[in-house]
Amino acid sequence: MSTPAAQPSDPTASSAAPAPRSYEVRTFGCQMNVHDSERITGLLEAAGYVPAAGGEPDLVVFNTCAVRENADNKLYGNLGQLVPAKKRNKDLQIAVGGCLAQKDQDTILEKAPWVDVVFGTHNIGSLPTLLERSRHNAEAQLEILDALEVFPSTLPTKRDSAYSGWVSISVGCNNTCTFCIVPSLRGKERDRRPGDVLAEVQALVDDGAVEVTLLGQNVNSYGVEFGDRGAFAKLLRACGGIQGLERVRFTSPHPAAFTDDVIDAMAETPNVMPQLHMPLQSGSDRVLRQMRRSYRSRRFLDILDTVRERIPHAAITTDIIVGFPGETEQDFQDTLDVVAASRFSSAYTFQYSIRPGTPAGEMADQVPKAVVQERFERLVALQDRIAAEENRRIVGRRVELLVTAEAGKKSGLTHRLSGRAQDQRLVHFTVPEGAEAPRPGDFVTVTVTDAAAYHLIADPREPGEYALRRSRAGDAWDRRQAESCGVPAADGAGPRPVSLGMPSLPVR
């Protein structure tokens, strides 16, 4: 019996490898949520996912906030919009993480049973496993831990920016503010060792970054866990010794723990920027007691006076809550008085809303919505006027800007680029005809020519009013753009791996 002759293989007949699954991460909330999303994207790409490039992604991850008003409505509205996509594509997965997931847990799957994975603030690293388990078992996976699984900075991280990065120095909070749900969702404060923080900062700088922001729920209590109350000031000074690191920022401190050694470190460390975010919350001492904020208005103003004495051009921003339970007209007037005295460059103002699970949510004397709205409008009007006045004082001053990738809303009409001054003020500027244009991450020095409440304008009139300094961060931006287009980097290096949040560098 003859054997059929072997037929030549048809390369088109072989089964092709499945295309990698695409993802999209949608972030709600604070800087901590933004940084957590960098870790989520790093984890996903380390697991083989790729960013969605148009069309419908195979995975949508919501990283949620529970602090902002109507956070749950925003989430469920977005989840509802995905129902048609889920019906069209049964392989589409939806995951919900972050503070709202930590708080609501089973409620999310009850209200949105089409969600595939729910994970909390303490187990971000479990997301790829939970996604795979949900696909394999064809059922939703819920995993919420009560305590931190691993310190988040040990997880893979894909940074949003080539020139600037967040560096967590702690997670959690030991304060008991009556309006805040963060301690119950993020847990007690956990501090990283200084050597690990500095190693991560060094790795960012080695990769091209020129700016870092040290991040924590209460950065100036850093070191309490390992018994060094001066650790934060020491950390700022240590950042001053990192070559190539041009700008250091931090957020957010707590007025009750803000000490002179931190102010001295800010004033004496050249790369620590003249900018401070100092949350006021209320200017009424009575309301501060009700909030369990362990400082009073005089203490707050004394801190600002000391900062401005040591750092004359410091820009100070704040957070303020209007309409806390029991707030009287006199209490609100006290807040207006402190705002007028503080001369904030900007303020994040919030109308109080009940957050379930907080002591303030159970308090009597909730302020009527109409009263809160009217007070809020008065506060915003006062702060807008102050911000505009403070910005007008800068007209005519030379400022150095770190050029950003974000453009102003009117950039298409004005042809202006945008940058951040050392004090973090936003400046929109034009490049003079014939001058070299900067890349994001480069530095330009310009003269401020006009001002509004929340931005400055710099339109150079003479050649000497514009100077460009190309930087390593601009080079890093070029590399990232080339890699995203599949073009070899100019230095010959191939695509870079996802960077680790806590790199393997010597402990300092």
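This is a predicted model: local features need pLDDT of at least 70, side-chain atom pairs count only at pLDDT 80 or more; totals for chains, interfaces and linings use all residues.

Student: Understood. How many bridges join S11 to strand S12, and in which sense do they run?

Tutor: S11 and S12 (residues 247-251) run parallel and are joined by five bridges. Within that pairing, Val 212 has Val 248 as its bridge partner, and Thr 213 has Arg 249.

Student: What about strand S8 and S11, parallel or antiparallel?

Tutor: S8 (residues 164-168) pairs with S11 in the parallel sense, over five bridges. Here Trp 166 has Thr 213 of S11 as its bridge partner.

Student: In what order do the three strands form the open sheet?

Tutor: The order is S8-S11-S12, with parallel pairing. S8 and S12 are the edge strands, each pairing on one side only. On average, neighbouring strands of the sheet are turned by 25 degrees against each other, direction ignored.

Student: Which helix packs on the sheet?

Tutor: Helix H1 (residues 31-46) does, touching S8, S11 and S12. The direction of H1 makes about 100 degrees with that of S8.

Student: And which helix lies between S11 and S12 in the β-α-β unit?

Tutor: Helix H9 (residues 231-239); together with S11 and S12 it makes a right-handed β-α-β unit.

Student: Back to S11. How many of its residues are buried?

Tutor: Five of the five residues in S11 (residues 211-215) are buried. In a regular strand the side chains alternate between the two faces of the sheet. In S11, Glu 211, Thr 213 and Leu 215 are on one side, Val 212 and Leu 214 on the other, and both faces are covered.

Student: Changing topic, why are H12 and H13 described as roughly parallel to each other?

Tutor: The axes of H12 (residues 297-310) and H13 (residues 329-342) cross at roughly 10 degrees and come within 11 Å. Angles under 35 degrees count as roughly parallel, and therefore H12 and H13 are roughly parallel to each other.

Student: Which residues meet there?

Tutor: From H12, Ser 297, Phe 300, Leu 301, Leu 304 and Arg 308 meet Val 338, Ala 341 and Ser 342 of H13. The residues of this contact comprise five nonpolar, two polar and one charged.

Terms used. Residues are numbered from 1 along each chain as its sequence is written. Side-chain values use heavy atoms; hydrogens and water are left out. Axes are lines fitted to C-alpha atoms, for helices over the stretch in contact, and angles run from 0 to 180 degrees between N-to-C directions. Helices (H or I, at least four residues) and strands (E, at least two) are DSSP runs, numbered from the N terminus. Angles under 35 degrees count as roughly parallel, over 145 as roughly antiparallel, 65 to 115 as roughly perpendicular and the rest as oblique. Contact means heavy atoms within 4.5 Å. Ala, Val, Leu, Ile, Met, Phe, Trp, Tyr, Cys and Pro count as nonpolar, Asp, Glu, Lys and Arg as charged, and the others, Gly among them, as polar. Buried means under 20% relative accessible area, exposed over 50%, partly exposed in between (1.4 Å probe, protein chains only). Two strands pair if DSSP finds at least two bridges between them. A crossover is right-handed if, with the strands pointing away from the viewer, the path from the first strand over the helix to the second runs clockwise.
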